[in-house]
Amino acid sequence: MFEYLKGRVPKSIDADSYRQFAVMAAIIQVDGEPHIVFEKRAGGLKRQPGEICLPGGARDGEEAAEDNAVRETMEELKVNREQIHVIAQMDTLLTAYDNEVSVFLCELTDYQMTFSEAEVAEVFTVPLAFFMETEPEIYVNTVKLITPEDFPYDKVPGGRQYHWRDGHKNVYFYYYEDRVIWGMTAYIMHGIVKTLRSEAGTVL
């Protein structure tokens with residue numbers, strides 16, 4: 001009975017309700033030292049203009065997460081597929097605003113700091129060692145549940161006095177030279193650092 005469930009890979013119960021995105025932490029060698037490539041988003045974009053981010057964006061139809069990350073990197077950094085050497089998929093970020101962000105680490109070869117001016121204002125790099133050696137500044141946001149006007153409180157023990165729990169989410173800030181790397185991008189970099197530190201024998 002239920003043999004069809006054997007070998008099933010578990011996922012989030014509400015996975016289908018998340019909007020899917022993927023980002024790429026692209027490593028290039030600068031004077032023999034691994035650096036991460038960052039973008040400053042173009043000022044004309046509707047979402048988060050002028051903010052610092054990693055190459056990435058929304059999933060296109062049924063494409064795989066890795067294909068998503070690779071495609072966005074090619075489009076935004078104006079590179080060829082042959083320049084992108086995926087190292088591994090890192091941990092996935094599930095946000096409080098219903099986004100699922102798949103994170104990948106790659107080595108980018110022969111990169112000439114090119115970018116799509118339609119999406120990117122500029123690109124720059126930060127040594128990976130900076131993130132490995134620097135603890136971010138941390139603030140804690142509170143996430144509150146707000147029920148709709150027609151919520152059926154008459155069916156809930158305690159009614160309108162029901163005790164909803166607040167959620168709490170860390171917001172990280174990294175300060176590198178005159179750059180402020182914060183929000184989801186800093187959260188992803190903090191996660192990458194945790195993975196690199198925990199995986200014995202990681203060599204870049």
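The tour begins with the cysteines: the count of disulfides in this structure comes to 0. The model is a predicted one, and residues are numbered from 1 along the chain as its sequence is written.

**First stop: Cys53 and Cys106**

Select Cys53 and display its sulfur. The closest cysteine sulfur belongs to Cys106 and lies 14 Å away, too far for a bond. A disulfide is a covalent bond between the sulfur atoms of two cysteines. Because a pair must have its sulfur atoms within 2.5 Å to be counted as a disulfide, the distance of 14 Å from the sulfur of Cys106 to that of Cys53 rules this pair out. Next, show the surface around each residue. Cys53 counts as buried, at 12% relative accessibility. Cys106 is also buried, with a relative accessible area of 0%.

**Second stop: helix H1**

Select residues 65-77, which form helix H1. The helix has 13 residues, and from its first C-alpha to its last it reaches 18 Å, close to the 18 Å expected at 1.5 Å a residue. Colour the buried residues of H1: these are Ala65, Asn68, Ala69, Val70, Arg71, Glu72, Thr73, Glu76 and Leu77.

What covers these buried residues? Then move to Lys78, which follows H1 and has a positive phi, near 55°.

Turn to the largest pocket, which holds about 890 Å³ of space. To find its centre, select Arg47, Gln48, Tyr97, Met184 and Thr185, the residues that lie nearest to it among the 38 in the lining. Which element gives the largest share of this lining? Select residues 183-198: this is helix H3, and it supplies 5 residues. Colouring the lining by class shows 19 nonpolar, 10 polar and 9 charged residues.

By class, the residues that line the second largest pocket are 7 nonpolar, 4 polar and 2 charged.

Methods: This is a predicted model: local features need pLDDT of at least 70, side-chain atom pairs count only at pLDDT 80 or more; totals for chains, interfaces and linings use all residues. Side-chain values use heavy atoms; hydrogens and water are left out. Helices (H or I, at least four residues) and strands (E, at least two) are DSSP runs, numbered from the N terminus. The expected span of a helix is 1.5 Å times one less than its number of residues. Buried means under 20% relative accessible area, exposed over 50%, partly exposed in between (1.4 Å probe, protein chains only). On a 1 Å grid over the protein atoms alone, a cavity is a set of points where a 1.4 Å probe fits but cannot get out, and a pocket is an open set with protein on both sides within 12 Å along at least five of seven lines; lining residues have an atom within 4 Å of a point. Grid points are joined across faces, edges and corners, and a volume is the space filled by probe spheres set on the points. Ala, Val, Leu, Ile, Met, Phe, Trp, Tyr, Cys and Pro count as nonpolar, Asp, Glu, Lys and Arg as charged, and the others, Gly among them, as polar.
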